[in-house]
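Grab a pencil and work through the exercises below. Try each one before reading its solution.

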Amino acid sequence: MTPNPRPRLAPHLAGLGTTIFAEMSALATATGSINLGQGFPDTDGPRVVAEAAARAVLEGRGNQYPPGVGIPELRQAIAAHQQAHYGIALDPGTQVLVTAGATEAIAAAVLALVAIGDEVIALEPYYDSYAATIAMARGTRVPVTLRAPDFALDVDALRAAVTARTRVILLNTPHNPTGAVLSRADLATIAEIAVQHDLVVISDEVYEHLTFDGAEHVPIATLPGMADRTVTIGSAGKTFSFTGWKVGWVTGSPELVAAVRTTKQFLTYVSAGPFQYAVAEALALPPAVYTDLRDRLQSQRDLLCAGLADLGFEVYVPRGTYFATTDVRPLGWEDGMDFCRALPQRCGVVAIPHQVFYDNVDVGRPLVRWAFCKQPEVLSDALARLRDGRLAR
Ligand SMILES: *Cc1c(COP(=O)(O)O)cnc(C)c1O
């Protein structure tokens, strides 16, 4: 008799499992469903940017290991972007670090700044890599829950979440999956708490250009006392609709950027050489490039949200990101996971249950996320399938 085999996954990573996106995308493929689960656009970004990448490859720029911190052209372009949009002055030599997407930026920042047992406050529902990277650092995540209908920050809950062990507040605005955009007043409160307790804020701003109805994106690094205690994260994937390129960045004080570089260099060391040249060119394009994308997304948002409301969902219209959130209870469902597992068979559409993004699972149980970064015909087709399928429980 052999003894029970020892589990191979390290115990502190148990529970991470496979991401919901893998499960739901597999279901989409198996059932021929329209995938409004994973948030990637079905239209590539600007042709000129794609051509810049092709040129870089053919001209031999970036085909070999680029510098560990990123190519100088891109670091300069990122610094110029932060200056032009937000008035943030950065030294491209010491205050900008290019990463393998925002995903690596998040991992490198958490691994650099969080020690065993440190507490990280994060806004729940979380982007799924937050819980994973905090677990890898063996930190403790402490949720502050955003609640429907507007998913605004509960300032008192945030204050109550701070303890002597708190080291980091991990923010995301515009916020995936709720579509909330943190107000300047809420950010000022977070900044005040961070200064008072000497905390670092990691601010995931990958949707900075995808805001609607005139909602203003405010980087928390611009608020008093925050320049030296904020790690700001951006990504070309979301801004320019090239999510496969995985070009992201970190900006902040020289001390914080050096800390993140310490871990980043042993995660990927470098990545995406030729794409870095293309993103440097993209960042120098006129802002119409982002505003066009934003305007198109806003009309796709309106199409999807109006259609879902007509079908009987309670719809929480987002002010930013690619995602709309609905409550499925008006259709007779109690549990968004049951709903999402049944939906491909019943209607040929895939969506994502919110509950996997919570520690307080009950709060997210009836909520479901739909991506609208898809062509209008695709969204209309999805709505028609929902109308014609067996949607009600
Ligand atoms: C998509 C996304 C990321 C990951 O960005 P990449 O640049 O593709 O790695 C990070 N944070 C949030 C909130 C996202 O939605």
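A residue counts as buried when its relative accessible area is under 20%. Keep in mind that this is a predicted model.

**Exercise 1.** Work out why strand E13 (residues 367–371) is largely enclosed by the rest of the structure.

Start with the burial cut-off: under 20% relative accessible area. Now go along the strand: five of the five residues of E13 pass as buried, so the strand is largely enclosed by the rest of the structure. Next, check the two faces. Leu367, Arg369 and Ala371 sit on one side, Val368 and Trp370 on the other, and all are buried, which leaves both faces covered.

**Exercise 2.** Find the strands that pair with E13 and say how they run.

Take E10 (residues 323–327) to begin with: five bridges tie it to E13, and the two run antiparallel. To place that pairing, look at Phe323, which stands opposite Ala371 of E13. Then turn to E12 (residues 352–353), joined to E13 by two bridges, again antiparallel. Here Ile352 has Arg369 in E13 as its bridge partner.

**Exercise 3.** Describe how helices H4 (residues 101–113) and H5 (residues 128–136) cross, and what sort of residues make the contact.

The crossing of H4 and H5 is right-handed. Now list who touches whom: H4 brings Ile106, Ala107, Val110 and Leu111, while H5 brings Ser129, Tyr130, Thr133, Ile134 and Met136. Finally, sort these contact residues by type: seven are nonpolar, two are polar and none is charged.

Definitions and conventions. Residues are numbered from 1 along each chain as its sequence is written. This is a predicted model: local features need pLDDT of at least 70, side-chain atom pairs count only at pLDDT 80 or more; totals for chains, interfaces and linings use all residues. Side-chain values use heavy atoms; hydrogens and water are left out. Axes are lines fitted to C-alpha atoms, for helices over the stretch in contact, and angles run from 0 to 180 degrees between N-to-C directions. Helices (H or I, at least four residues) and strands (E, at least two) are DSSP runs, numbered from the N terminus. A crossing is left-handed if the near helix is turned anticlockwise from the far one by less than a right angle, and right-handed if clockwise. Contact means heavy atoms within 4.5 Å. Ala, Val, Leu, Ile, Met, Phe, Trp, Tyr, Cys and Pro count as nonpolar, Asp, Glu, Lys and Arg as charged, and the others, Gly among them, as polar. Buried means under 20% relative accessible area, exposed over 50%, partly exposed in between (1.4 Å probe, protein chains only). Two strands pair if DSSP finds at least two bridges between them.
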